[in-house]
Amino acid sequence: MKRRLGYLALAVLLNVPCLVLKAQVKGDPSLRQLPLLLPQKKQGGHISAALENLYARSLNRSQPSGGLPTTDGLEQYIQLVNGAVVVDITVKEDLPGVTKRLQALGLQVTGSYGRVISGLLPVNAIPLLAIMPQVQYARPAYKPMHQRQQVRPSMQRFTILPAAKPVPVISQGDTAQLSYQARKKMHVDGKGVKLGILSDSYDNLGTAADGVRGGELPGAGNPFNDRKPVIVLQDLDNGTGTDEGRAMAEIVHDVAPGAEIAFHTAYLGQANFAQGIQQLADKGCQVMVDDIFYYDEPFFQDGIIAQSVDQAKKRGVSYFSAAGNNFNNSYESDYRSSNAQLLGAGNGTAHNFSAPADLPRYYQPIYIPPGGSFIASFQWDQPSFSAGGRGA
């Protein structure tokens with residue numbers, strides 16, 4: 001039952017009508033009746049319900065071949081590539097041996113770290129996971145969160161003057177953090193430093209060469225003699241990336257035009273992300289940056305991605321994360337107890353959202369625009385098996 005509570009899309013997956021209505025009404029919400037508590041079937045095996053449902057739908061030949069029909073709030077985040085689903089598989093022991101068995105099922109491994117193996121699993125092989133005793137738990141690697149790129153990078157970023165000399169556009173961040181002054185006064189430009197970037201993709205849009213020719217990126221053909229090309233260790237090849245990684249590389253090149261740049265996708269599962277950090281370190285990256293987070297990374301202990309960052313730090317890497325690019329759009333608080341039992345006697349007391357001196361407030365408004373969605377991750381304050389080999 002705890003596993004079923006680990007990852008929910010509120011007001012969509014739960015199908016609670018009264019919560020949907022109140023989530024879309026501004027003001028201090030109140031419920032006139034108790035939420036509809038739907039009966040829950042306990043998860044019995046070590047395959048997530050989402051994977052089981054995906055396989056069941058694949059047997060229905062009336063479904064469109066281009067992808068999943070959107071019937072709940074999570075299916076739109078399942079990553080499908082040519083009949084395979086991106087998965088994270090937590091194993092009990094013997095990582096190399098289990099990896100070989102999974103590859104025999106058709107798994108295309110994209111990364112492994114700790115007890116987690118990420119990869120592309122053929123949808124028709126999902127039932128075979130259920131008979132592997134070495135598998136602790138398997139679930140989709142839902143599309144991670146990152147800042148969506150609204151405009152294609154390198155497009156309309158530079159202007160060709162009549163003399164045909166490119167004039168690159170410098171990012172506002174370079175001015176805001178006074179990097180240009182540091183380059184001028186201290187005579188530094190990043191030379192001798194290699195920086196690694198982890199994001200969705202680098203050249204899924206096929207326009208990286210335009211950025212090089214316009215002076216936005218280093219490489220052969222750069223008009224300012226910044227000729228060392230970006231090293232791409234792994235990129236998405238399914239056309240679903242936004243090339244946010246390339247946009248980040250362009251910003252890095254603005255700030256430190258002499259630095260070398262390497263890229264690795266972080267979109268093919270948590271183990272792929274964690275392994276990518278180590279592979280960038282192997283390539284000599286002294287500084288790394290990412291703008292990605294997975295919704296089901298452990299809250300209360302370091303998961304495999306955080307563990308890989310710690311390992312990179314021990315190797316001398318300075319690591320920076322954009323923390324989801326959400327700034328302060330969040331709510332965090334210790335539990336403030338109350339005597340209000342809003343779900344009925346014996347079903348627990350409500351958290352008080354108000355400050356200590358204010359009137360109690362037991363509901364927090366969440367505004368969902370028409371056609372929008374809202375994802376909420378719930379986790380138990382207990383050890384996570386994927387992080388350390390013990391726990392739920």
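Where is the place of N82? The points below take that up, along with a few other features of this predicted model.

1. **N82.** N82 sits in the loop between β1 (80-81) and β2 (84-91). Its phi is positive, about 50°, although N82 is not a glycine. Most residues other than glycine have a negative phi. N82 counts as exposed because its relative accessibility is 80%, and the cut-off for exposed is over 50%.

2. **N225.** Here is another asparagine to look at. N225 is not a glycine, yet it has a positive phi of about 65°. Its place is the loop between α7 (208-213) and β9 (231-234). The relative accessible area of N225 is 58%, so N225 is exposed.

3. **Y55.** Buried would need a value under 20%. Leaving aside residues up to four places away in sequence, Y55 touches V123, N124, I126 and P127. Take N124 from that list. Y55 and N124 are 69 residues apart in sequence. Their C-alpha atoms are 6.6 Å apart in space.

4. **Helices α9 and α10.** Two packed helices are described by the angle between their axes and the distance between the axes. For helix α9 (residues 270-282) and helix α10 (residues 304-314), the axes come within 8 Å. They cross at roughly 5°. The two helices are therefore roughly parallel, as angles under 35 degrees count as such. On the α9 side, the contact is made by Q270, A271, F273, A274, I277 and Q278. On the α10 side, the residues are I304, I305, S308, V309, Q311 and A312. What classes do the residues of this contact divide into? There are 8 nonpolar and 4 polar residues, and no charged ones.

5. **The cavity.** How many cavities of 30 Å³ or more does the structure hold? The count is 1. The largest cavity has a volume of about 70 Å³. Its lining consists of D88, T90, V116, R139, Q270, P298, G303, I304 and S386. By class, that lining has 3 nonpolar, 4 polar and 2 charged residues.

6. **A link between points 4 and 5.** Q270 and I304 are among the residues lining the largest cavity. Q270 of α9 and I304 of α10 also take part in the contact between those helices.

Definitions and conventions:
Residues numbered from 1 in each chain as written. Predicted model: local features only at pLDDT ≥ 70, side-chain atom pairs only at ≥ 80, totals over all residues. Heavy atoms only, no water. 1 Å grid on protein atoms, 1.4 Å probe; cavity = no way out; pocket = protein on both sides within 12 Å on 5 of 7 lines; lining within 4 Å. Points joined across faces, edges and corners; volume = space filled by probe spheres on them. Nonpolar A, V, L, I, M, F, W, Y, C, P; charged D, E, K, R; others polar. Axes fitted to C-alpha atoms, helices over the stretch in contact; angles between N-to-C directions. Helix = DSSP H or I, 4+ residues; strand = E, 2+ residues; numbered from the N terminus. Parallel < 35°, antiparallel > 145°, perpendicular 65-115°, else oblique. Contact = heavy atoms within 4.5 Å. Buried < 20%, exposed > 50% of the residue type's maximum accessible area, 1.4 Å probe, protein only.
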